[in-house]
Amino acid sequence: MLRIENLHAEIDGKEILKGLTLEVNAGEVHAIMGPNGAGKSTLGYVLGGRPGYEVTAGSVTFNGPEGPCDLLEKEPHERAAAGLFLGFQYPVEIPGVSNVQFLRESLNAQRAGRDEKPLSGAEFLKLARAQADALGLAQDMLKRPVNVGFSGGEKKRNEMVQMGIIDPAFAILDETDSGLDIDALRIVGDGINRIMRRPDKAVLLITHYQRLLDYVKPDRVHVLADGRITRSGGAELAHQLEREGYAEVVA
Amino acid sequence: MTAVLDLPSTREEAWRWADLGALSAAAALAPVAAPAHEFLDLPGARLLFVDGVLDEARSQLHRVELTDLPTSDHALGRRAAGKGWRLSLDARAAADPVQVVHVATGRENHLPAHIHLGDDAVAQVVETFVGAGWQNRHLSVTLGKGARLMRSVRLLQPAGFVSLREEADVGAAASLVAVFLGAGGQGSRIDARLTLGDGAFGDYGGALLTAGEQRQECAVRVNHAQPDGSSRQLWRAVAADRSQASLAAAVEVARHAQKTDGEQSLRGLLLHRTATVNLKPELEIFADDVKCAHGATVGELDARALFYMESRGIPRARAQALLTRAFVNDALERIGDETTRAAFEADADAWLEASLSRRERSVGSTAPRAVEILPGAEPTQLGPLGAAEGEG
């Protein structure tokens, strides 16, 4: 579903990804773990198309609901319409724009990109309320400005509410587990399973720690170090990393 | 050409950003046909002035009268002498909204006005400027004890200049709220001085949107003459192309005006790096037990917020429009009446749409031109963390 080949990318002339190759098939959950500064977040941003992250070599092919495409050719909002979702490590606060307005604009822009009819206000609210309930996010938070005054945990839940509403084919979740307490971690983990565990979907979980993987069992675990995948394995690799540390395992 | 030679020089601090040359240029513009004008769907008085003269056939005065008004000694205000409109309400009276539309077909026109509210009286006034040429207004306001006046003023002339000089005396526990929107192509100067009595409330603010070579400015001074007053000055400027928007807001607190609570928030948004926003928050405090918060920032749209929105599927131009609108609406949400607020928001939206679609077509950008920010201000990127608020 997502095929990354020999990806090189830099920020301000500094190379961060140095030939990264990875393939994620439909129906799979892959976890990427690695030490600080290895390039984990950069990978997420490059796939999302964030300005300032320049791809210097390599290719990314995305085979979503609309068929295969060159992901790097597309604008960020076109990647979203093609079925890609990027969960942010630090969700951004947007004063003056309500969650409801933001999500309705998002969803309807994506639908327009796919030649689908926009959802009415009532249809949208029904969908949004159901997702907020499922993730234990209070209804009134939907009316509040995007992420403004939300706690760290609420911001992460809000990311999952957004994912539930948008219902993407492929999700890249960047440290969705950071800042969550144990209960919130389980709720978010359940959310990922509920929304994304389907034969026609896939997930790339970028994480520092093994604990989220107790709730979202990965099919594959990769170690990202110094801009490359240095080791891949099954779910047991995450436990080994937790026990022995990156230095030990990667060396 | 008109005689504007007796206006102050821009070397005078209070006039440093005034575009005085534009006054005579505006007055020299070729005449235009009277543009379409529309009153909002509100009950109450409707005054239509064409080139400063009341069009009686198309006006309904209700409680407003036309009369000779005293002059001001202000450089702009004194030009608007003679016959003008007056709204005078007795104690505890409440009038339906008063709408005033000022249409100009060219050259220059000057008109004074006076609003007097007796104790506990309540009024709402909505003014709209359309057409071309130079329109100059002088307004004096006197509010009795506990009176409440809400004003909303929009400048929608495609060209020319609008200059407003306003002098307000806000009585004890009275409230004056004025919201301005500059969303036309005209130059402007909003020049005001408020004097607040015991426990009075004064709120002067708005949004100036500039494009092309346009220059708009506000220069507002709020004087806390008595204790326990509070004031709020919230101004937003959005500048595109090579335009210039300048916000100067001053708070003066007299020696015995203890427990004054003043708040200033001046923020500028540059849509292009060739545009200029000048901010000057000014505090002059002689009392020792006061709270005066002030914040001033100039920046561009928050790049992180833009990418966040794009990553959810919102195209870049739309994301820019949503963020810019949220920025401007901060200043418009003070308008209490829903019909009026919706009209002002629609005017701001129309400006944003025109300006942002032009922006999409423009190519390249050059280095930022001077951004001048005076004491207490600090340039930052706008965003949730962008507001450099301080207390002084």
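## Helix pairs in chain A

In this predicted model, helix α4(A) passes helix α6(A) in a right-handed crossing. On the α4(A) side, the contact is made by Leu127(A), Ala128(A), Gln131(A), Ala132(A) and Ala134(A). Helix α6(A) answers with Val161(A), Gly164(A) and Ile165(A). By class, six of these contact residues are nonpolar and two are polar, with no charged residues. α4(A) spans residues 121-134, and α6(A) spans residues 152-166. Their axes come within 9 Å and cross at roughly 135 degrees. The two helices are therefore oblique to each other.

Helix α6(A) also packs with α3(A). Here the axes come within 10 Å and cross at roughly 35 degrees. This crossing is right-handed too. From α3(A) come Leu103(A), Ser106(A), Leu107(A) and Gln110(A). They meet Gln162(A), Ile165(A) and Ile166(A) in α6(A). Four residues of this contact are nonpolar and three are polar, and none is charged.

## The interface between the chains

How many residues does each chain bring to the contact? Chain A gives 23 residues and chain B gives 18 residues. On the chain A side, four elements each supply at least two residues: α2 (76-81), β7 (94-98), α3 (99-113) and α6. The largest share is that of α3(A), with five residues. By class, the chain A side has 13 nonpolar, seven polar and three charged residues.

## Two enclosed helices

Helix α1(A) covers residues 40-48. Eight of its nine residues are buried, so this helix is largely enclosed by the rest of the structure. The buried residues are Lys40(A), Thr42(A), Leu43(A), Gly44(A), Tyr45(A), Val46(A), Leu47(A) and Gly48(A). Gly49(A) follows the helix, and its phi is positive, near 90 degrees.

Helix α2(B), residues 303-311, is also largely enclosed by the rest of the structure, because seven of its nine residues are buried. These are Ala305(B), Leu306(B), Phe307(B), Tyr308(B), Met309(B), Glu310(B) and Ser311(B). What do they pack against? The partners in chain A are α1, α2, β6 (84-87) and β7. Just after α2(B), Gly313(B) takes a positive phi of about 110 degrees.

## The annotated region of chain B

An unreviewed UniProt entry annotates residues 113-327 of chain B as "domain: SUF system FeS cluster assembly SufBD core". Over these residues the chain is 10% helix and 61% strand. The end C-alpha atoms of the region are 32 Å apart.

Glu252(B) is found in strand β14, residues 244-253 of chain B. Is Glu252(B) buried or exposed? With 21 other C-beta atoms within 10 Å, Glu252(B) is buried. Leaving out residues up to four places away in sequence, Glu252(B) touches Arg221(B), Asn223(B), His224(B) and Glu284(B). Glu282(B) is 30 residues away along the chain, yet its C-alpha atom is separated from that of Glu252(B) by 8.4 Å.

## A buried strand residue in chain A

Leu224(A) sits in strand β11, residues 220-225 of chain A. It is buried, with 24 other C-beta atoms within 10 Å. Leu224(A) touches Ile32(A), Gly34(A), Ala38(A), Gly39(A), Lys40(A) and Ile229(A), with residues up to four places away in sequence not counted. Lys40(A) is one of the buried residues of α1(A). Leu224(A) and Ala247(A) are 23 residues apart in sequence, and their C-alpha atoms are 12 Å apart in space.

## Positive phi outside glycine

Asp115(A) has a positive phi of about 60 degrees, although it is not a glycine. Its place is in the loop between α3 and α4 of chain A. Asp115(A) is exposed, with 6 other C-beta atoms within 10 Å.

Ala173(B) is not a glycine either, and its positive phi is about 60 degrees. Ala173(B) lies in the loop between β8 (161-170) and β9 (175-182) of chain B. With 20 other C-beta atoms within 10 Å, Ala173(B) is buried.

Key
Residues numbered from 1 in each chain as written. Chains lettered and ligands numbered in written order. Predicted model: local features only at pLDDT ≥ 70, side-chain atom pairs only at ≥ 80, totals over all residues. Axes fitted to C-alpha atoms, helices over the stretch in contact; angles between N-to-C directions. Parallel < 35°, antiparallel > 145°, perpendicular 65-115°, else oblique. Left-handed = near helix turned anticlockwise from the far one by under 90°. Contact = placed C-beta atoms within 7 Å. Nonpolar A, V, L, I, M, F, W, Y, C, P; charged D, E, K, R; others polar. Buried ≥ 20, exposed ≤ 12 C-beta atoms within 10 Å, placed from the backbone. UniProt positions renumbered as here; feature names shortened; annotations may be inferred.
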